[in-house]
Amino acid sequence: MHSPQKTWHILGAGAIGSLWAIRLQQAGVAVRLILSPRRHNKHPADEPVIVHFSDHSGRQKPATQHRLAVASPDESIHNLLLATKANAALSALEPHVNRMRADAQLVSLSNGMGYHDAIQQQLGRRPLYMVTTTDGAYFAAPGQLILAGRGHSKIARYIGSKNTTEQALLSGKERYQLRQVVRELSVPGHRLAPRIDARRLLLDKLSINACINGLTAIHNCRNGALANGPATPRLYRLITECQELLEAAGQRTLASSLRPKVLSVIHATADNISSSCSDIRAGRATEIKHINGFLLRLGQELGVSTAENAAIVKDIKALEKGARHP
Ligand code: KPL
């Protein structure tokens, strides 16, 4: 029997959600997957989800099989890891909020920005943490998970989209809670790094995604192909535009470190199929509205040109409608 207090429910069994479920379970943490209603209905009752996991991030190891327990629709939730697509985060969470305990916590792993205030509103006083990760993982086939590149994962307590570094000084209790959640979710070989400023953390990851994800979907290529190929000039133009946006948003350090960071994520996840490229290949909507789309809105607010990001949004929208180009 699992101990409810120590159990982590995982909402969103895509590549990153499944990767975290496997890592936590391997470290002895009880995990329970919450499947989407469509998947839950098709899934045999009381059967685990089986995932074959191959770690290609270093020296290749043989694939391992993992049995991930599926949560029943009425069990109460103490710890929730939200790993859905950004577009689905709110609607996926809504049916489960009433079974989250008053002292429950939510950790969001979803990409993008612009929807976290609405999540916090659903949660009320329960704490919301943001995790950003540059791990590169994808499903090569249903149930066949590949970790193509190891990245870094960071966590911060979310305190609202308008709050910046100065205001983001957490109380002693909040710092203690942050350290606790870091301990619970850090597993051997993958430690979470705590950060204070959630907005900065999200902008950092979002600008990396803005440079990589859309381009890989447009060129239908793995991340590594961006470094040296037909998409490379556009990659550099995007980086420059994102740097200008970050500067105007008062994020100087993020702006100056963006180029080396993007190149290092591309290098570390060279064999990965980005989440947006996987979405387009699978005929799903991408998260572009919450990634480059968010930057368009930021550019408008700050009076900065966003022509490169706008072109990415336009091309991805065309692909979502079924047209493949260039
Ligand atoms: O976050 C990612 C994604 O695919 O969404 C990166 C880090 C770019 C890995 O592919």
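**Exercises on loops, strands and helices**

N220 is located in the loop between α6 and α7 (232–248). The model is predicted, so local features need pLDDT of at least 70 and side-chain atom pairs count only at pLDDT 80 or more, while totals for chains, interfaces and linings use all residues. Residues are numbered from 1 along each chain as its sequence is written, and side-chain values use heavy atoms, with hydrogens and water left out. Helices (H or I, at least four residues) and strands (E, at least two) are DSSP runs, numbered from the N terminus.

**Exercise 1.** Describe the phi and the accessibility of N220, then do this for D46.

*Solution.* 
Step 1. In general, most residues other than glycine have a negative phi.
Step 2. N220 is not a glycine, yet its phi is positive, at about 50°.
Step 3. The relative accessibility of N220 is 34%, so N220 counts as partly exposed. Buried means under 20% relative accessible area, exposed over 50%, and partly exposed in between (1.4 Å probe, protein chains only).
Step 4. D46 sits in the loop between α2 (37–42) and β3 (49–55). Its phi is near 65°, again a positive value in a residue other than glycine.
Step 5. D46 counts as exposed because its relative accessibility is 82%.

**Exercise 2.** Follow the chain from β1 to β2 and state where the residues of β2 point.

*Solution.* 
Step 1. Strand β1 (residues 8–11) pairs with β2 in the parallel sense, over four bridges. Two strands pair if DSSP finds at least two bridges between them.
Step 2. The term means that, with the strands pointing away from the viewer, the path from the first strand over the helix to the second runs clockwise.
Step 3. In strand β2 (residues 31–34), V31 and L33 point one way, whereas R32 and I34 point the other way. All of them are buried.

**Exercise 3.** Describe how α6 and α10 pack.

*Solution.* 
Step 1. Two packed helices are described by the angle between their axes and the distance between the axes.
Step 2. The axes of helix α6 (residues 198–219) and helix α10 (residues 292–302) come within 9 Å and cross at roughly 115°. Axes are lines fitted to C-alpha atoms, for helices over the stretch in contact, and angles run from 0 to 180 degrees between N-to-C directions.
Step 3. On the α6 side, R199, L203, L206 and A210 meet N292, F294, L295 and L298 of α10. Contact means heavy atoms within 4.5 Å.
Step 4. The residues of this contact divide into six nonpolar, one polar and one charged. Ala, Val, Leu, Ile, Met, Phe, Trp, Tyr, Cys and Pro count as nonpolar, Asp, Glu, Lys and Arg as charged, and the others, Gly among them, as polar.

**Exercise 4.** Where is T132, and how far is T132 from L202?

*Solution.* 
Step 1. T132 belongs to strand β7 (residues 128–133).
Step 2. T132 counts as buried because its relative accessibility is 9%.
Step 3. T132 and L202 are 70 residues apart in sequence and 7.0 Å apart in space, C-alpha to C-alpha.
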